[in-house]
Each structure stands twice: as C-alpha cells, then as structure tokens.
Amino acid sequence: MRTSYELGRKGEAEAAAFLAQKNYRILEKNYRYRKAEVDLIMQKENTLVAVEIKTRSTAFFGTPALFLKPKQQQRIVEAIDYYVKQNNLDLEVRFDVISIVKHKGTFDIQHIENAFYHF
C-alpha cells in the first residue's frame with residue numbers, strides 16, 4: 001500500500017466483505033451528513049448498524065479502534081439519527097467499529113459490536 005488513503009480504502013473493502021459473510025446487508029457506503037462520514041450503514045435483521053472502520057499498518061500505538069475520538073462518535077450518531085428520520089426507518093440502531101491491522105500482507109479484523117452510544 002502506497003498511502004494511508006489506499007490502506008483505508010482496502011480496509012473498508014475488507015470490512016464490507018467480512019460483514020457480508022455474516023449476513024449484513026450494505027445500505028450505504030461512505031454516507032455523508034454535514035461534517036460526518038459513516039463508513040458503512042448496514043442492516044442485519046431488524047437492526048441498522050453504523051460501522052466505523054479504522055485501519056492501520058501497525059498496532060504499535062494501540063489498536064485502531066482507540067483512534068475513534070468522542071467528537072467523531074458524536075458526528076456519526078447525528079448522521080445516523082438524520083438517516084433514520086429521512087428514511088422513516090423503524091429499526092434498532094447499533095454502532096460498531098471494525099478495527100483492522102495489516103499484518104504481513106493479510107488483514108487482522110476485529111469486529112466490536114455496540115462500540116459506543118446506545119439508543
């Protein structure tokens with residue numbers, strides 16, 4: 001991977017494939033609302049799942065999930081609130097984090113369900 005952007009995009013593709021194998025259905029990729037971007041909005045059964053994906057080339061400074069700041073969480077919550085209202089959805093809402101570390105050409109994926117904020 002040449003850049004962190006490319007690494008991030010590859011991580012997003014890996015996360016989407018990982019969740020698809022677990023029967024999550026993609027509704028939106030890179031959904032934007034004001035200053036927020038939600039990497040993936042997915043549905044599994046009666047639950048709408050907002051997924052933040054953090055990809056790093058090393059875990060030297062900690063797991064990638066540690067880099068999700070409270071302000072970013074707040075923006076994601078606001079974006080999902082808007083998305084639910086705009087689409088008139090009647091679903092449970094959950095906020096997950098996918099933490100990915102590139103390791104010797106492969107990706108170690110950790111899925112953290114209910115990572116932050118509960119409706």
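Buried means under 20% relative accessible area, exposed means over 50%, and partly exposed lies in between, with a 1.4 Å probe and protein chains only. Keep that in mind as we walk through this model.

The model is predicted: local features need pLDDT of at least 70 and side-chain atom pairs count only at pLDDT 80 or more, while totals for chains, interfaces and linings use all residues. Residues are numbered from 1 along each chain as its sequence is written, and side-chain values use heavy atoms, leaving out hydrogens and water.

Stop 1: Select residues 25–33, strand β1, and residues 36–44, strand β2; they pair in the antiparallel sense over 7 bridges. Here strands (E, at least two residues) and helices (H or I, at least four) are DSSP runs numbered from the N terminus, and two strands pair if DSSP finds at least two bridges between them. Pick Glu28 and you will find Ile41 in β2 as its bridge partner. Then pick Tyr33, which stands opposite Ala36 in β2. The hairpin has 2 residues between the strands, and Arg34 takes a positive phi near 50°. Colour β2 by accessibility: 8 of its 9 residues are buried.

**Stop 2: the helix.** Now select residues 70–86, helix α2. Its 17 residues should span 24 Å at 1.5 Å a residue, and the end C-alpha atoms are 24 Å apart, which agrees; the expected span is 1.5 Å times one less than the number of residues. Ile76, Val77, Ala79, Ile80, Tyr83 and Val84 are buried in α2. Look down the axis: the buried residues fall within an arc of 165°, so they line one face of the helix. That arc is taken from the directions from the helix axis to the C-beta atoms. On the other side of α2, Pro70, Lys85 and Gln86 are exposed. Just after α2, Asn88 takes a positive phi of about 50°.

**Stop 3: the aromatic pairs.** How many aromatic pairs does a search of the whole structure find? There are 2. Rings of Phe, Tyr and Trp (its six-membered ring) pair if their centres lie within 6.5 Å; planes under 30 degrees apart count as stacked, over 60 as edge-to-face and the rest as tilted.

Show Tyr31 and Tyr83: their ring centres are 5.0 Å apart with planes at 80°, so the pair is edge-to-face. Tyr31 in strand β1 and Tyr83 in helix α2 are 52 residues apart. Tyr31 is buried at 13% relative accessible area, and Tyr83 is buried at 6%.

Next, show Tyr33 and Tyr82, whose ring centres are 4.2 Å apart with planes at 20°, so this pair is stacked. Tyr33 in strand β1 and Tyr82 in helix α2 are 49 residues apart. Tyr33 is buried because its relative accessible area is 17%, whereas Tyr82, at 32%, counts as partly exposed.
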